[in-house]
Amino acid sequence: MSHPTRRLHLGLMFWATGTHAAGWRLPDAREDAAFDIEFLQHVTQVAERARFDFLFLGDRLATDPRLQRTNPAQMSRLEPFTTAASLAAATSRIGIVVTANPTYYDPYSVARLMGSLDHVSAGRASWNIVTGADDIAAANFSRTEHWETGKRYDWADEFVDVVKALWDGAPSAEAPAGVPLDHDGRHFRIAGPLDVPRLPQRHAVILHAGTSDRSRELGAREADVIFAGQPDIPSAQAYYADIKQRAARYGRGEHEIAILPGLTPIVAPTTEEAVAIYDRLNGFLPLDPEEEAGEVRKGGLGRGRRRNLSALSETLGVDVRGNDPGAAVAPALYEQASEAGRRLIDETTRRTRRSLAGPARISYRDLIDTAGAMGAIVVGNPEEVADFIQAWFDQRAADGFNIFPAYVPGAVEAFAERVVPVLQRRGLFRLDYEGPTFRDHLGLGLPGSRRDRDQLVRL
Amino acid sequence: MSSTSAPLSRAGGLLLAYVHRGAEPSSETAFAGSLLSSLAREIERAGFDLLVLDDEPRVAGAAPRVRIDPFTAASFVATRTRHLGLAVTADAAYYEPFNLARLTASLDHITHGRAALNLVHDPARAAAVNFGVRDRAAPADPARHAREFLHVVRALWDSWEDDAFLRDKASGRFVDGDKVHAIAHRGEHFQVQGPLNVARPPQGQLPLVHVERSPASRPWAAAEADVVVVAAGDEGGVREAAQSLRALAVREGRAANPPLALAPIVPWVADTPDEAQRLRARVSARPDAVAVIGTPDEIAATLQAWVVHGVVDGFAVLPAPEAGQGPRFAEQVVPALVRRGAIGPAAAAAAFTLRGRLGLARPANRHASLPQPVNG
């Protein structure tokens, strides 16, 4: 089924210190906002005034103080369900996305937490399903090991099935005592019915992210929104096409599943000012000591990618150790570098407007900074940022973006006040909300019950 | 602290709680934000100290109730109230302690120190039918399980010392890692490494509330709880229950800080004593609450006398199954209590966290007394 107009969707990722590791160190940025619920409400209201589809609350189930180096916002923060309920009370239209990991929750609990959020928010609840990348979370949940991918997805598939079925059988005007579930599956035995009344949206909006085959299948089958992480248009197009094809096999139309890559916009009134902010943020990040030859790195939370010439040499395929990191890179490096190395150099030019040969030259340090953040980043004035978004949208690399503000609240305000009006002027983004619920923003009707849909797929 | 003059910050020594037990399953909109907000505001305006959001995660029985998750409700209404304490109910059998510690610590941040936990364990495990996971054994002794659970949660709340955060823009040091602590719990039911990924709750440790369903849980309440609604159906039963609770608390070494005992009451308020009796006669008595019947001033006098005579420290009001009784208690009985000096005006409580309101000090972090590292 074709859809008359494709619409751009925008989400806002909330990290209290910004999504840049040093975002909190800018003079105007908040450094103490993680537990300030009024500040979270303010940021959500800014996004709502700009007509964002949703605010996104991520989650992790383990921490380590070493995360302060790479990711202070993920080190210590408010739990997302309680946060979401408070944000619902301070807003009236914007969708609210809560991350919850089935591996470490019960389906009945998630069904009622999400259902409860849908009630107090009048139909704006959304569940971001993650199965967990942090091995050490297992140690916080009385487990001896973090399950391997296959087991996590076997569990998650049945978990999501049970949650949606509980929502279908929730007490309603037609069935005041609810419809028992009597699920007896491979992992769960759940009697039901849910004790929360039928949800205003019937089903909360489902989000999912991931690149593995199992993850793509779960997303294509169950999710209304997919987060993606591809850094450039060709790889994003391939992912986009794959997900839409998989979704079609489940009888789902192209417009029924929105694919939103993450995007970090560094925007200012002029290009020069935007590049200056980008440089300033990266300037806060220290370089790591160089590794001894043959040294084995240990993984774990908070390590992140090494910021040094040794790691850069691996990416470039050229040994650049021993150079002054601040020195200009020799133009000849482009010919010597690997394909990945050339992409790194090109990306650095795109962000900084500096090049290997021009009047403003790329330094080794610039390359280290780019390599340290290879997700989609766009640096520029409002028109340039809008151009970037439009190019991805028009070329079907994205149905919109999950905006990662590098620092708060400045990066949120800059995008909302400067870029959103450009997108609206170009007819890409809504001038007002389509309706009161998150499903309305996504152009989705109420879902049929699971039973109806299973029959549909068989036809 | 003697029970007759509990130093409640509210002044007057009478603590009022309101127990919310869900809604009739007829309405799909019982938990719309606007209705929930009105309810919480009315309860706060009426002068209650604490709203207990009861919970039982299943639909069952002859008169099934629907509800929403208490964390969602508490966090939502926190934005619409200013000083009402908010107690959430959770059954230890259906949570992971790490998740519950995050939920409760976050709720305390969001409410600015107004949160309390009512951790329950149902020996019958009635809701287990909704939480069946293959390969997961039921605890042999739910009470022991709950006790260890609470121990883990309390340790997790202390993961971050109050001054762990540096947030120094100049140096780039965000946190002092020496002031963040794993708990490395290895117990009978739980193995939890920690640290929690939520900063220490504003109250340090959340007050523990307990609503008895029967005397069976009284030893738990005497050992762990800060506020206890005793199970009793008449005044004699309340007196006996409160005495046994206090005696048990003494045996637990809590002579100096016994839990506050609250009587569960269903008030029947009318303009005349006869009318109140007539209202009350229409429904059958419930075994878990005391019917208090009369004019507003009669009821206020009764409640005040119980507190003055040291029977209890306050009351948990269960709304009468009769439209209009909730508002009548709020609009007529509470002002009568204020007139009598049994409770101070609600505004006097606004400056306190819930712990402060209960007369409880903010506890030091268990790690803060350890010797500090030299260059910490």
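**Figure 1. Packing of helices α5(A) and α6(A).** In this predicted model, Pro107(A), Tyr108(A), Val110(A), Ala111(A), Met114(A) and Gly115(A) of α5(A) meet Phe159(A), Val162(A), Val163(A), Leu166(A) and Trp167(A) of α6(A); contact means heavy atoms within 4.5 Å. These residues divide into ten nonpolar, one polar and no charged. Ala, Val, Leu, Ile, Met, Phe, Trp, Tyr, Cys and Pro count as nonpolar, Asp, Glu, Lys and Arg as charged, and the others, Gly among them, as polar. Two packed helices are described by the angle between their axes and the distance between the axes. The axes of α5(A) and α6(A), the latter spanning residues 149-168 of chain A, come within 9 Å and cross at roughly 50°. That angle makes α5(A) oblique to α6(A). Angles under 35 degrees count as roughly parallel, over 145 as roughly antiparallel, 65 to 115 as roughly perpendicular and the rest as oblique. Axes are lines fitted to C-alpha atoms, for helices over the stretch in contact, with angles from 0 to 180 degrees between N-to-C directions. The crossing of α5(A) past α6(A) is right-handed; that is, the near helix is turned clockwise from the far one by less than a right angle, and a left-handed crossing is the anticlockwise case.

Residues are numbered from 1 along each chain as its sequence is written, and chains are lettered from A and ligands numbered from 1 in the order in which they are written. In this predicted model local features need pLDDT of at least 70, side-chain atom pairs count only at pLDDT 80 or more, and totals for chains, interfaces and linings use all residues, while side-chain values use heavy atoms, with hydrogens and water left out.

Figure 2. Arg112(A) is placed in helix α5 of chain A, residues 107-120. Helices (H or I, at least four residues) and strands (E, at least two) are DSSP runs, numbered from the N terminus. Arg112(A) counts as buried because its relative accessibility is 3%. Buried means under 20% relative accessible area, exposed over 50%, and partly exposed in between (1.4 Å probe, protein chains only). Not counting residues up to four places away in sequence, Arg112(A) touches Leu194(A), Asp195(A) and Val196(A) in chain A, and Asp55(B), Pro57(B), Arg67(B), Asp69(B) and Pro70(B) in chain B.

**Figure 3. Packing of helices α1(A) and α4(A).** Helix α1 (residues 37-49) and helix α4 (residues 80-89) of chain A pack at an angle of about 60°, their axes 9 Å apart. α1(A) is therefore oblique to α4(A). On the α1(A) side, Ile37(A), Leu40(A), Gln41(A) and Thr44(A) make the contact, and on the α4(A) side Thr83(A), Ser86(A) and Leu87(A). Of the residues in this contact, three are nonpolar, four polar and none charged. α1(A) passes α4(A) in a right-handed crossing.

**Figure 4. Surroundings of Arg246(A).** Helix α8 of chain A, residues 233-249, holds Arg246(A). With a relative accessible area of 11%, Arg246(A) is buried. Its side chain makes a polar contact of 2.9 Å with the side chain of Asp242(A). A polar contact is a pair of N or O atoms within 3.5 Å; within protein, one must be able to donate a hydrogen and the other to accept it, and residues adjacent in sequence count only if both atoms are side-chain atoms. Leaving aside neighbours within four places in sequence, Arg246(A) is in contact with Asp213(A), Arg216(A), Glu217(A) and Ala220(A).

**Figure 5. Met374(A) in a loop.** Met374(A) is found between α13 (364-372) and β10 (377-380) of chain A. Its relative accessibility of 36% makes Met374(A) partly exposed. Apart from neighbours within four places in sequence, Met374(A) is in contact with Pro231(A), Leu344(A), Glu347(A) and Arg351(A).

**Figure 6. Backbone details in loops of chain A.** The peptide bond from Gly192(A) to Pro193(A) is cis, with omega near -5°, and Pro193(A) is in the loop between β6 (188-190) and β7 (205-209). Another cis peptide bond joins Val408(A) and Pro409(A), with omega about -5°. Arg51(A), which is not a glycine, has a positive phi of about 70° and is found in the loop between α1 and β2 (54-57). Ala122(A), also not a glycine, has a positive phi of about 55° and lies in the loop between α5 and β4 (125-129).
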